[in-house]
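Reader: I would like to go through this model a piece at a time. Please define each term when it comes up.

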6 protein chains.
Amino acid sequence: MGLYMSIVRPCGRSFDEIRPVKIDRHFTNNSQGSVLISIGNTIVLCTANIVEGVPDFIKGQRKGWLTAEYSMLPGSTNSRVSRESVVGKQNARTQEIQRFIGRSLRSAFDLSFLGDNTIRIDCDVLQADGGTRCISITGAYIAVIEAISWFNKKYTIINNPIVENIAAISVGIVDNNILLDMNYEEDSNCEVDMNIVMSNSGNFIEIQSSSEKKTFDKRKLDLMLSLAEKGILELISYY
Amino acid sequence: MGLYMSIVRPCGRSFDEIRPVKIDRHFTNNSQGSVLISIGNTIVLCTANIVEGVPDFIKGQRKGWLTAEYSMLPGSTNSRVSRESVVGKQNARTQEIQRFIGRSLRSAFDLSFLGDNTIRIDCDVLQADGGTRCISITGAYIAVIEAISWFNKKYTIINNPIVENIAAISVGIVDNNILLDMNYEEDSNCEVDMNIVMSNSGNFIEIQSSSEKKTFDKRKLDLMLSLAEKGILELISYY
Amino acid sequence: MGLYMSIVRPCGRSFDEIRPVKIDRHFTNNSQGSVLISIGNTIVLCTANIVEGVPDFIKGQRKGWLTAEYSMLPGSTNSRVSRESVVGKQNARTQEIQRFIGRSLRSAFDLSFLGDNTIRIDCDVLQADGGTRCISITGAYIAVIEAISWFNKKYTIINNPIVENIAAISVGIVDNNILLDMNYEEDSNCEVDMNIVMSNSGNFIEIQSSSEKKTFDKRKLDLMLSLAEKGILELISYY
Amino acid sequence: MGLYMSIVRPCGRSFDEIRPVKIDRHFTNNSQGSVLISIGNTIVLCTANIVEGVPDFIKGQRKGWLTAEYSMLPGSTNSRVSRESVVGKQNARTQEIQRFIGRSLRSAFDLSFLGDNTIRIDCDVLQADGGTRCISITGAYIAVIEAISWFNKKYTIINNPIVENIAAISVGIVDNNILLDMNYEEDSNCEVDMNIVMSNSGNFIEIQSSSEKKTFDKRKLDLMLSLAEKGILELISYY
Amino acid sequence: MGLYMSIVRPCGRSFDEIRPVKIDRHFTNNSQGSVLISIGNTIVLCTANIVEGVPDFIKGQRKGWLTAEYSMLPGSTNSRVSRESVVGKQNARTQEIQRFIGRSLRSAFDLSFLGDNTIRIDCDVLQADGGTRCISITGAYIAVIEAISWFNKKYTIINNPIVENIAAISVGIVDNNILLDMNYEEDSNCEVDMNIVMSNSGNFIEIQSSSEKKTFDKRKLDLMLSLAEKGILELISYY
Amino acid sequence: MGLYMSIVRPCGRSFDEIRPVKIDRHFTNNSQGSVLISIGNTIVLCTANIVEGVPDFIKGQRKGWLTAEYSMLPGSTNSRVSRESVVGKQNARTQEIQRFIGRSLRSAFDLSFLGDNTIRIDCDVLQADGGTRCISITGAYIAVIEAISWFNKKYTIINNPIVENIAAISVGIVDNNILLDMNYEEDSNCEVDMNIVMSNSGNFIEIQSSSEKKTFDKRKLDLMLSLAEKGILELISYY
């Protein structure tokens, strides 16, 4: 247990401390849900729109769908990142992240209330300082709640579509120390990078763990998971 | 002259009145210039970054370059717009607009101070309510000033690179009335749509006028141009 | 007024003189309209075809549509230009030009006679020596007249679909001289490049003016516009 | 031998008669070779340009290269054909044809005189009425001769680079009749479609024979080949 | 006739000898036809699947269609070949080959038994040592037979859909020697490269002959064709 | 512990039983490593090639790189899957999987022995019945060993580049039962789908867990992880 307790992070946080959270709801008004979320220096605009139609594979089942897209604005990083529309395609990392966001949020809602409609989430990173995929999930969750509320005003939803509150956070190992909610500098030097999506009941939704540089044992895994749980419950307290 | 004076606009503005202007400088900190500009309900994030290298056609001339990219975030409009990176290419309107932004800003600066570097501008529309291309130019102009200031701190620029202050505004004819700074509703019903880029000396940089629905005569053109001049000088007063 | 009168152009033309015009109607016979137009050394093949269907955004309105495509053949310029189908997309300039051609021609015709059909214009530049976009509009206008005539023979059009005769011309400022109908050499050295589409009544349809190198004042604008009008009325006299 | 002699073709030609040939040399002047060739109603503009550089696979061998591109203009056929640059790629037929043109012409010239330069051929079909790939080869051959002549004036070529005069023609079987130089109507109903490239010595360069509908025996093959030879020698007589 | 008889091939085969043939039928079980064919060191997996739907151009005619796709796995050649899905498109050679395979097999079957269904053939080269396109045709022919047999069990086909047994083989001229069934080394040094598809009755289906390096006369053509016939009949004996 | 013990799987396996493993080493000979691996009905061809050059981001560091590509052959599944080269891009799932394979294998080897070379892995699924990404990793690991052995023969490697033996396996929850090494039928009905890459020392390399349908608690996670360890150690025993 003593493993990670003595660490002093360059940013001044303790090993188990998340960055300051700021949530601006209804940030823009052309989308049904619109949340500007900042956690530390990472800023993401999450919008949610309910649009007509569902993908072919669930047509005729009269249950809705939810899908997400993700992007980093070119000026969001220290060295300008190429605009994917100019490159001509989304890169593999982008696609991986937006699938991750979509799967996570589909687990949080019972979409049958939607009929043949789809919730389309857009997460656009205005500034990136680590944790963009997790922060996107947390912000998008709130944007979906806003969109559902708009839908409810218009059509009245019979049953509560919220299965569980969810949030996401990263945890990693840097110089052998386990750290919660890594910023960019920590993330780019970590040995293990884990992204966890959990519900308010402490159940797992997604675990994505990579350790290209150094493998790790079960004891460290358990520590990381409990640290993640602490962070996620804290995030959910902002809802 | 009486032609357009009696009009009452649904938004409450007079025919020659621009919308409220809000300029947040240094909005994000990973870009050298970063401006969040709102004019009415249109919100654009304009970033400017000075990056190494110049296009092939000016290589070896030791003068810099400036280029711009433009995008509308999917949630920026009333009905979600497709993400161009998913479609696989920028559409023709997008490309036309970013060329327009780039040409306009290149006229405002003497780029020889840059050496073999390029100023890369990114204009991302967070919310669209008419005039996005003109507002992008106005916001990007300020972002470039910020980036030049950063560059000056680092390398010291000998000569003032600013040729002229510039700004851009739209003017149009709606139901036979000439209107300054059209919002989305006015723009989508107009007979003539004109975008004008001018310098603080009242000189022309760009004129783009389209009138698919109804042609117009020289007298109306003159009225539109003088209305645009009024708006542009007002915008420049915010610098 | 004396501003531009003393200029001697390398090509021997006076400042307000357009190049020789040659119009070969019915140049090929697989298209309903087919015009080979040469103005000076610029040669464009303009074809017009009436095809079934209209774009989604006007479906159900029972009014036709008109759209244009533009291309420069690889061998049309001094140094071979890349074939866009090999590159994999039309470049931004091409797309800008074809939108310009389409908008201009839609203003010239009342397309309601077409029913659910579309006039598709193709402008392919066989040889380029300046002014290709304007010459495309002028040639395409005649090709559309041919296609309408074919349609009229087949189905009988009740009302005259021609709103106004239109033509297009460039005017620019080179070494401080205002010149009508610039060739390639003049165009590539000009300070101001303006393309104007006008009707036979002298009304404006499109104005596209760029001045990356040097801004200009209202007096010069007025001179350019009146020069353009002279050229356009001369072109329309060939119809 | 009597097999194909009694046929009366709808176009009035005998089974072994090629269509009228018209060759306009130096058709445009921005390319070093430029030939407008019409055979019957098929019209192809063939240009040849000598450009710097060679493909990677022959770099350092100090021998030149020759490559070809082919395209059908959208208005060249009875029902407008999609522009490949809009579709986003050249279709398989186009690519097959331009490889066919390139291979054929490389066999006709000893390209070592070129140094590290490449002859780029462009064949753009202005009007299509059958035989476009063969007519492209014949026209391009003459355009290359023009380009070589231009090159010779500039640099003086020591050895004659022409290996053999070549030309190409189609021959097919329609309703069991062997026909030379099929037009579009014949081609779209044929059982066997063969394209042959030959030299003036009667040697074979390319044979491409397809018979999706009906196979054929050696005797018919021999008849087709001798018919092709007759046509090709006639074409070469125009050089 | 003595022309090619004395040749000793590095691989030990005589000029008219094909490589060892190995055909593994029903190689995988998720496709209706699945054949792993090896001829010498060339190994191709050919699968055939009958899928719903036909291309637009034969819709409503109630006759089926057959189409083929071809690919070389990246590790199939001596120097790794780029994966076409990563490049973003099939190259011209690939498209040419798969059109060749499709045309050849459509000639072998009367597809009217299929109704509105399509036989989709996939030829994936696991190891390439010359002759991949011909070996693909031969293997695919057997895979189609398997798929038809599956279809027959399910729906009962009234008439025999096999028009003729077909197979394909290459023949070429290397150092003036005519050789049957060239391997990669022979193929990459050949003066003439010919691919021939024939039926068991000795009729021609496809002839594709290229001779970029050296033209050839009718006598050699006849020798090559008779050599090909010998090889094809031998291949068909394996069915 | 009793949670998952009573389950009877339709395939006859017990909950903790992996499918039969078959490894054909040196399956083809044009690649330096080539392994055909079958686990149950899933068959993957894994090749490894050492090619010149490294990606830009590690240039100049004189350490090698390893990267992987993955594909499912069109006929590998029950209903034919579209060929990605025809679609024009790799889909998101494919890209996610090949990144997963690449990261996993980079953790297993110290690539500094490679100099400025890259190991390129290709995993092509000939038949898919669940677990393709994990089986690809296991097969590719052996193919890399083969390629390293080839490299060693040629250049002599000073230090052993193998950090740890690794293998990968899936584990999931189906109808509340935890199952090792799911086949396609199990996988498509599972509530939780987890892919785990581990080393022979039982350390974690990658954990990817999704549970779109039903979240799960820590106790189940622990059971899944220990089941995975059992399977992975068994797979490694085949090396």
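Author: Buried area is the accessible area (1.4 Å probe) that two parts lose on being put together, summed over both. This is a predicted model, in which local features need pLDDT of at least 70 and side-chain atom pairs count only at pLDDT 80 or more, while totals for chains, interfaces and linings use all residues. Residues are numbered from 1 along each chain as its sequence is written, chains are lettered from A and ligands numbered from 1 in the order in which they are written, and side-chain values use heavy atoms, with hydrogens and water left out.

Reader: How much area do chain F and chain A bury between them?

Author: The interface has 28 residues of chain F in contact (heavy atoms within 4.5 Å) with 28 residues of chain A. Carbon and sulfur atoms carry 48% of the buried area, and the total for chain F and chain A is about 2,700 Å².

Reader: Which residue of chain A forms a salt bridge with F:Glu212?

Author: A salt bridge is a side-chain nitrogen of Lys or Arg within 4 Å of a carboxyl oxygen of Asp or Glu. Across the interface of chain F and chain A the rule finds 6 of them. In the one formed by F:Glu212, the closest N and O atoms are 3.0 Å apart, and the partner is A:Arg106.

Reader: Is F:Asp129 buried or exposed?

Author: F:Asp129 lies in the loop between β5 (117-127) and α3 (132-155) of chain F; helices (H or I, at least four residues) and strands (E, at least two) are DSSP runs, numbered from the N terminus. Beyond its neighbours within four places in sequence, its contacts include F:Arg19, F:Met182 and F:Tyr184. Buried means under 20% relative accessible area, exposed over 50%, partly exposed in between (1.4 Å probe, protein chains only). The relative accessible area of F:Asp129 is 18%, so F:Asp129 is buried.

Reader: Why does A:Val8 count as exposed?

Author: A:Val8 sits in the segment before β1 (21-25) of chain A. Its C-alpha atom is separated by 9.8 Å from that of A:Asn177, 169 residues apart along the chain. A:Val8 counts as exposed because its relative accessibility is 69%.

Reader: How far apart are the nearest C-alpha atoms of chain B and chain E?

Author: Chain B and chain E do not touch. Chain C and chain F do not touch either, with their nearest C-alpha atoms 12 Å apart. For chain B and chain E, the value is 12 Å.
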